[in-house]
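Subject: Structure handover

Dear colleague,

Please find the structure below. My notes on its side-chain contacts follow.

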Amino acid sequence: MLDRLPLLIGLRYVRAKRRNHFISFISLTSMLGLMLGVAVLILVLSVMNGFDHELRTRILGMVPHTKIESPSGLVEWEALAEQLMQRERVIGAAPYVEQQGMFSVSGRNEGAMVNGIHPEWEDRVSIIGSHMRQGSLDDLQPGEWNVVLGSLLARHLGVGVGDRVTLLVPEASITPAGVFPRLKRFTVSGIFSVGADLDANLAYANIEDMQTLARLGDAVGGLRLELDDLFAAGAETRAIVNQLGMGYRGIDWTYSHGNLFQAIQMEKRMIALLLTVIIAVAAFNIVSTLVMVVTDKHADIAILRTIGATPRSIMGIFVVQGLAIGIIGIAIGVGLGILLALTVSDLIGWVESTLGIQFLDAGVYFISDLPSRLHWDDVRNIIGAAFGLTFLSTLYPAWRASRVQPAEVLRYE
């Protein structure tokens with residue numbers, strides 16, 4: 001019976017109605033603090049995981065993991081692509097021609113990066129084909145001067161499929177009449193949307209048309225490579241350049257979007273740290289609760305000691321009580337956090353549609369909706385951290401209870 005004493009009495013103290021309502025209030029506050037801290041931490045980390053996932057799948061699905069270029073262009077690019085595909089980490093290759101320019105129509109001007117692509121090869125390195133709202137990449141046939149625009153770029157220009165736009169490139173053409181900017185009329189054949197800032201500054205055209213516009217002849221600007229692990233892009237790019245030798249250079253995705261990815265990772269760590277501090281504050285409120293309970297229960301502790309309870313048993317009683325308070329708060333917080341993490345995207349969408357507002361503007365942020373992705377490893381880590389902090393907060397009050405001397409307390413009873 002004495003072996004079960006700490007568990008039985010500790011749980012009884014949790015359920016009992018106390019004469020001191022202030023102690024009950026502090027216990028409830030500690031429980032609510034743990035619940036909210038755990039729930040918010042699960043929710044926030046899930047949202048940060050969602051941003052991280054969207055970065056990888058949307059932006060890095062459109063942006064090449066690495067690019068292999070040559071200052072003079074690549075003429076025998078098919079042979080080079082076949083050679084690079086023999087490497088273990090390379091799972092896709094496609095040629096491209098990049099041209100920075102400005103689209104103009106009816107007095108509206110928007111800058112954009114125009115990628116000249118081979119429609120049959122592009123699916124090997126990009127997700128653009130699965131995000132077409134209108135039209136198809138197959139419409140980008142050589143000599144037809146068609147272009148596919150991002151949805152935000154098309155909206156800013158006020159154009160749709162079938163409209164014509166003028167592309168001005170930052171290179172001058174010398175004619176008998178003087179120096180004129182190089183420009184070309186394109187027909188909008190499709191519109192894509194990935195829900196990212198790329199929708200506002202990216203366009204696609206046929207690679208042969210862009211070779212003509214850029215005066216590259218049979219050469220292409222380079223090869224875009226898809227790797228099996230995007231985090232290996234830096235090392236793999238250096239290895240490829242070393243293999244190819246002089247005259248080649250490699251550029252991986254970290255040059256263009258690495259800062260954004262690192263910023264998300266840093267924010268995730270800092271937010272997790274700050275919210276863990278909130279959990280710690282709630283957990284250590286249990287210290288004040290148990291200290292007041294120990295003071296209130298001095299007579300009960302003395303009686304238990306006189307009937308044979310050991311200091312270890314007394315200490316166990318208050319550890320059990322503190323852990324019970326903590327476990328209840330953590331359990332409710334985990335349930336609430338998981339529920340919010342799984343439904344926050346739909347909840348925010350409902351609020352936006354009801355109030356007619358938009359929390360995330362793709363023109364400002366890199367996505368237009370709030371993503372959430374629950375990782376069970378995060379949940380386990382949060383539970384472990386919260387439980388550990390709760391356990392630590394019970395040790396001092398329990399130790400004080402075990403030091404109560406029965407003779408001194410019962411002398412005045």
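Glu 69 and Arg 249 form a salt bridge, with their closest N and O atoms 3.0 Å apart; the term stands for a side-chain nitrogen of Lys or Arg within 4 Å of a carboxyl oxygen of Asp or Glu. This pair links distant parts of the chain, Glu 69 being in strand S1 and Arg 249 in strand S10 (residues 249-252), 180 residues apart. Strands (E, at least two residues) and helices (H or I, at least four) are DSSP runs numbered from the N terminus. Glu 69 counts as buried at 9% relative accessibility, while Arg 249 is partly exposed at 47%. Buried means under 20% relative accessible area, exposed over 50%, and partly exposed in between (1.4 Å probe, protein chains only).

This is a predicted model: local features need pLDDT of at least 70, side-chain atom pairs count only at pLDDT 80 or more, and totals for chains, interfaces and linings use all residues. Residues are numbered from 1 along each chain as its sequence is written, and side-chain values use heavy atoms, with hydrogens and water left out.

The count of salt bridges comes to six. Another of them joins Glu 98 to Lys 67 at 3.2 Å between the closest N and O atoms. Here strand S2 supplies Glu 98 and strand S1 (residues 66-74) supplies Lys 67, 31 residues apart. Lys 67 is buried at 13% relative accessibility, whereas Glu 98 is partly exposed at 34%.

There are four aromatic pairs, counted when ring centres of Phe, Tyr and Trp (its six-membered ring) lie within 6.5 Å; planes under 30 degrees apart are stacked, over 60 edge-to-face and the rest tilted. One of them is Trp 77 with Trp 121, edge-to-face because the planes are at 70°, with the centres 5.0 Å apart. Trp 77 belongs to helix H3 (residues 77-84) and Trp 121 to helix H4 (residues 119-122), so the pair ties together parts 44 residues apart in sequence. The charged end of Arg 124 sits over the ring of Trp 121, 4.2 Å from its centre (the rule asks for NZ of Lys or CZ of Arg within 6 Å of the ring centre and within 35 degrees of the ring normal).

Last, the nonpolar cores, meaning sets of buried Ala, Val, Leu, Ile, Met, Phe, Trp, Tyr and Cys residues joined through side-chain atoms within 4.5 Å. The largest has 61 residues, of which Phe 103, Leu 149 and Tyr 204 touch the most other members. Strand S2 (residues 90-105) gives the largest share of this core, six residues.

Regards
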